[in-house]
There are 2 protein chains.
Amino acid sequence: MDALFKGLKDQIESLSPLEESEWCEFKTYWKPLKLKKGHQITRIGQVEDYFYYVYEGVVRGYAFKDGEDISIGFSYKGDYSGAYDSFLTRNPSEWCMETTTNVELACIHYNDLMNMFDKYKSIERWGRLFNAKMLIAMSRRQVESRSYTAEERFERLMDQSPHLFQLVSQRHIASYLGMTPETLSRLRKKVR
Amino acid sequence: MDALFKGLKDQIESLSPLEESEWCEFKTYWKPLKLKKGHQITRIGQVEDYFYYVYEGVVRGYAFKDGEDISIGFSYKGDYSGAYDSFLTRNPSEWCMETTTNVELACIHYNDLMNMFDKYKSIERWGRLFNAKMLIAMSRRQVESRSYTAEERFERLMDQSPHLFQLVSQRHIASYLGMTPETLSRLRKKVR
DNA sequence: GTCTTTTCTTGATCTACATCAACTCACCCA
DNA sequence: TGGGTGAGTTGATGTAGATCAAGAAAAGAC
């Protein structure tokens, strides 16, 4: 439990240091949460009320388009996670979140987070910098997905996150890479 | 000139209202700027020192991968623009910005904006919400680019931003849509 | 205005990847 | 313990869109 909050505090302070008193209050709003593999965190059409910090395990974010399940991204230890567009806009989510392993999370309710933003400038700053960080990561990924072939995207993922292949099913990785499971299977064979 | 600042103020206040005194100070750091069509705003490898507000005209953001020019996005009237990853990280930019029409902009220097973030919570908040807005737009676009065929992406762009086809060359639109200029040309013929 | 350069168009081919289909393997649970 | 269900593999075929190439048209340059 302590390790979870320590991880969370470190993550936050890497972007914006907090006063001890601020952290003490902020901390009270974060709730620890253990979930089993395969748990559906957010469903489509539902407004996301929580923002999650992943302490252990993997969470998969995905969208549905024409009945297709498209993986948008995976959150591991130290990442934040959630149907972030719905959380921010308060509109029904177009995305879902589910655990692909057993996970340990901490979560905070929208209202509590907004109150913290109002109350503490340092937390407001963390919010700004956190969004900026996400934005940068996402724009890099956008360029990536445009500049490389299926095979190159696969190789890059193998280099950057080899562990993912142990933690997530092939078809989810395939949809994340923007290819069919068959194509991914053939690429893996080629490497072996 | 006044209209430019009014537009800027409205944009900012749509996310976070400012005290009159805050706006008066903030305003002094924004510099108006007129540029001709085809002007290179940011080059690759250069650190982006400015953040831009587009009052009139179109700015194109693009990346280079293996000598390929890939359009990332277009900013029109009322948008913000800039090599945002470089601006935020202070690393040399992997992206470029150029005007595709004559433009009128307002720009603010990194240091001045950071000072404003430090000084005013309302401006810090604007920064957070602005990043959030960009993030949401980008994540929608990411899902879009995965879920639709070239033809569908073209049709959606025709619906959403028909004016773009007047303001930007076909090959830039093509790279934005993730297809070759030839393919775009054929799709346009089909519609006519 | 005419000459040059770049952009756009159109056609012929090629290929990466999708789709369809059949088979294997692991895992679960009655 | 065996058979059902979903995940992964493998092969045969199809196709969207890339690539290559060569005109036509538009946009600058002087």
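The expected span of a helix is 1.5 Å times one less than its number of residues. Keep that rule handy for α5(A), whose 27 residues should span 39 Å, in agreement with the 39 Å between its end C-alpha atoms. Helices (H or I, at least four residues) and strands (E, at least two) are DSSP runs, numbered from the N terminus.

This is a predicted model, in which local features need pLDDT of at least 70, side-chain atom pairs count only at pLDDT 80 or more, and totals for chains, interfaces and linings use all residues. Residues are numbered from 1 along each chain as its sequence is written, while chains are lettered from A and ligands numbered from 1 in the order in which they are written.

**How the two copies are related**

**Where chain A meets chain B**

- Chain A brings 25 residues to the contact and chain B brings 26; two residues are in contact if their C-beta atoms, placed from the backbone, lie within 7 Å.
- In chain A, β4 (59–65), β5 (68–75), α3 (84–89) and α5 (121–147) each give two or more residues to the side that touches chain B.
- With 16 residues, α5(A) gives the most to that side.
- The side of chain A that touches chain B has 10 nonpolar, seven polar and eight charged residues. Here Ala, Val, Leu, Ile, Met, Phe, Trp, Tyr, Cys and Pro count as nonpolar, Asp, Glu, Lys and Arg as charged, and the others, Gly among them, as polar.
- The copies meet through the same surface, because 100% of the interface residues of chain A are also interface residues in chain B.

**Burial and cores**

- The buried residues of α5(A) include A:Trp126, A:Arg128, A:Phe130 and A:Leu135; buried means 20 or more other C-beta atoms within 10 Å of a residue's own, exposed 12 or fewer, and partly exposed in between, with C-beta atoms placed from the backbone.
- These buried residues pack against α1 (2–13), α2 (20–29) and α4 (110–119) of chain A, together with α3 (84–89) and α5 (121–147) of chain B.
- A:Met114 sits in helix α4 of chain A, and it is exposed, with 11 other C-beta atoms within 10 Å.
- The largest nonpolar core has 37 residues, and B:Tyr52 and B:Trp95 are among those that touch the most other members. Such a core is a set of buried Ala, Val, Leu, Ile, Met, Phe, Trp, Tyr and Cys residues joined through C-beta atoms within 7 Å.
- Another core, of 32 residues, lies apart from it and includes A:Phe26 and A:Ile123.

**Around the DNA**

- Among the 16 residues around DNA strand D, those that come nearest are A:Gln170, A:Ser185, B:Thr149, B:Ala150 and B:Thr183; near means that the C-beta atom, placed from the backbone, lies within 6 Å of a molecule or strand.
- α9(A) gives the most to the surface near DNA strand D, with six residues.
- Around DNA strand C there are 16 residues, of which A:Thr149, A:Ala150, A:Thr183, B:Gln170 and B:Ser185 come nearest.
- For the surface near DNA strand C, α9(B) gives the most, with six residues.
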